[in-house]
Amino acid sequence: MNLKIRIAQKEDCLRLLELVNELALYEKAPQEVTVTLQEFEDAGFGNNPVWKAFVAEIDGLIIGFALYYIRYSTWKGNRMYLEDLIITETMRGKGIGKILFDKLIQEAKELGFSGMVWQVLDWNEPAINFYKKYDATIEAGWLNAALSREQLLNW
């Protein structure tokens with residue numbers, strides 16, 4: 001396997017969104033992906049980029065990525081927020097997710113973050129088991145809350 005890990009570039013965004021849609025389908029929420037390619041590109045490569053990603057590539061094809069942004073906690077300070085760790089279904093179980101996750105840990109340490117946080121669905125046993133191998137804390141007791149663009153506009 002000729003695996004290459006590198007920082008995502010603007011030209012990668014279309015493929016990254018394809019993988020986002022694949023993940024949304026796996027998580028039974030394909031209708032929830034509403035970001036446009038332009039919005040995605042601007043958020044990562046515009047005048048004020050808010051995310052960074054590492055891509056996993058085999059023979060020039062992106063087969064996975066890990067995307068993060070900086071989250072500020074009034075309790076803990078700057079933390080890495082892992083938004084998505086995605087490996088295309090046909091390539092799962094080959095250690096690529098571990099390589100990307102290890103790259104994120106290295107990045108978090110190098111940038112001096114106070115920790116790394118993310119969410120995992122309570123039914124996603126493969127992901128939960130993956131994170132437990134890192135001795136990750138899987139919290140209970142917090143409920144996610146959100147307002148959509150439409151809800152913001154209607155308020």
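In what follows, a residue is called buried when its relative accessible area is under 20%, exposed when that area is over 50%, and partly exposed in between, using a 1.4 Å probe and protein chains only. Good morning, colleagues. The model before you is a predicted one, in which local features need pLDDT of at least 70 and side-chain atom pairs count only at pLDDT 80 or more, while totals for chains, interfaces and linings use all residues. Residues are numbered from 1 along each chain as its sequence is written, and side-chain values use heavy atoms, with hydrogens and water left out.

Let me begin with the sheet. Helices (H or I, at least four residues) and strands (E, at least two) are DSSP runs, numbered from the N terminus, and two strands pair if DSSP finds at least two bridges between them. Five strands form an open sheet in the order E1-E2-E3-E4-E5, with mixed pairing. At its edges stand E1 (3-7) and E5 (116-118); each has a single partner strand, so one side of each is left without a neighbour in the sheet. From one strand to the next, the twist averages 25°.

E1 and E2 run antiparallel and are joined by five bridges, with Ile7 standing opposite Phe54 in E2. Strand E2 (residues 52-58) is in turn antiparallel to E3 (residues 61-73), through seven bridges; here Ala53 faces Leu67 in E3. These two strands form a hairpin with two residues between them, and Asp59 in the turn has a positive phi of about 50°. Ten bridges then join E3 to the antiparallel strand E4 (residues 77-87), where Phe65 stands opposite Ile86. E3 and E4 also form a hairpin, this one with three residues between them.

I turn to the interior. A nonpolar core is a set of buried Ala, Val, Leu, Ile, Met, Phe, Trp, Tyr and Cys residues joined through side-chain atoms within 4.5 Å. Which residues have the most contacts inside the largest core? They are Leu85, Phe101 and Leu104, in a core of 21 residues. At least two residues each come from E2, E3, E4, helix H3 (96-110) and helix H4 (125-132), and H3 supplies the largest share, five residues. Apart from this core lies another, of 15 residues, including Leu16, Leu19, Trp51 and Ile86. Taking contact to mean heavy atoms within 4.5 Å, and not counting residues up to four places away in sequence, Leu104 touches Phe54, Ala66, Tyr68, Met80, Leu82 and Met116.

Next, the aromatic rings. Rings of Phe, Tyr and Trp (its six-membered ring) pair if their centres lie within 6.5 Å; planes under 30 degrees apart count as stacked, over 60 as edge-to-face and the rest as tilted. By this rule there are twelve aromatic pairs. One of them, Phe130 with Tyr131, is edge-to-face, at 5.3 Å centre to centre and 70° between the planes. Are Phe130 and Tyr131 buried or exposed? Both are buried. Ring pairs also link Phe101, Trp118, Phe130, Tyr131 and Tyr134 into a cluster.

Finally, consider Asp122, in the loop between E5 and H4. Why does Asp122 count as exposed? It does so because its relative accessibility is 66%. Asp122 and Lys132 are ten residues apart in sequence and 13 Å apart in space, C-alpha to C-alpha. Thank you for your attention.

Methods
Axes are lines fitted to C-alpha atoms, for helices over the stretch in contact, and angles run from 0 to 180 degrees between N-to-C directions.
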